[in-house]
Amino acid sequence: MKRLRFIAMAVVAVTLAIPVIAHADPPGELYMLNCWGCHRPNGEGIPGTAPPLKGAVDFLLVPGGREYLISVPGVALSPLSNEQAAEVMNWILKTFSKDRLPADFKPYSADEIGRARMTHLLDIKKARAALVTEMVAAKIRESEKQ
């Protein structure tokens, strides 16, 4: 009985997802297939597991933040090509932070993603915390909880 319930729920989930897949643009589809599971449909993230993407644009405003965004494992180790990863990162910033995107925003390139993938962040939480602390000090964010 539990197995039938699981199958029924899976069929419903797939059925509900089909219209989203059919109408999503290519980077949106890649986001849905590769990022949505942890960062959720609207970029809200999962507390304690995956940070929200809604405020990711803030990282562009502090030294090292741009590099951080593409050095996290979800980007650096993803199965996406460098070009696809760049498209998804640009889509994330434009979709979840379009009203806060800096006027001089330079989209990520495939080459930039490729260079970032050659190095690895050893302590992601520490790197993020340092950047968020810098954002708070620069009054880009009001608190470290954002």
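Author: Leaving aside residues up to four places away in sequence, Asp 58 touches Arg 100, Met 135, Ile 140 and Arg 141, where contact means heavy atoms within 4.5 Å. The model is predicted, so local features need pLDDT of at least 70 and side-chain atom pairs count only at pLDDT 80 or more, while totals for chains, interfaces and linings use all residues. Residues are numbered from 1 along each chain as its sequence is written, and side-chain values use heavy atoms, without hydrogens and water.

Asp 58 lies in the loop between α3 (36–39) and α4 (65–71); helices (H or I, at least four residues) and strands (E, at least two) are DSSP runs, numbered from the N terminus. Asp 58 counts as buried because its relative accessibility is 3%. Buried means under 20% relative accessible area, exposed over 50%, and partly exposed in between (1.4 Å probe, protein chains only).

Next come the aromatic rings. The whole structure holds four aromatic pairs. Rings of Phe, Tyr and Trp (its six-membered ring) pair if their centres lie within 6.5 Å; planes under 30 degrees apart count as stacked, over 60 as edge-to-face and the rest as tilted. One of the pairs joins Tyr 31 and Phe 96 edge-to-face, at 5.6 Å centre to centre with 65 degrees between the planes. This pair links distant parts of the chain, with Tyr 31 in helix α2 and Phe 96 in helix α6, 65 residues apart. Tyr 31 is buried, at 2% relative accessibility, and Phe 96 is buried at 14%. Another pair, Phe 59 with Tyr 68, is stacked, at 5.1 Å centre to centre and 20 degrees between the planes. Phe 59 is buried at 1% relative accessibility, as is Tyr 68 at 5%. Ring pairs also link Tyr 31, Trp 91 and Phe 96 into a cluster.

Helix α2 (residues 26–34) and helix α6 (residues 82–96) pack at about 95 degrees, with their axes 9 Å apart. The two are therefore roughly perpendicular, a label for angles of 65 to 115 degrees; under 35 is roughly parallel, over 145 roughly antiparallel and the rest oblique. In α2, Pro 27, Gly 28, Leu 30 and Tyr 31 meet Gln 84, Glu 87, Val 88, Trp 91, Ile 92 and Phe 96 of α6. The residues of this contact divide into seven nonpolar, two polar and one charged.

Definitions and conventions
Axes are lines fitted to C-alpha atoms, for helices over the stretch in contact, and angles run from 0 to 180 degrees between N-to-C directions. Ala, Val, Leu, Ile, Met, Phe, Trp, Tyr, Cys and Pro count as nonpolar, Asp, Glu, Lys and Arg as charged, and the others, Gly among them, as polar.
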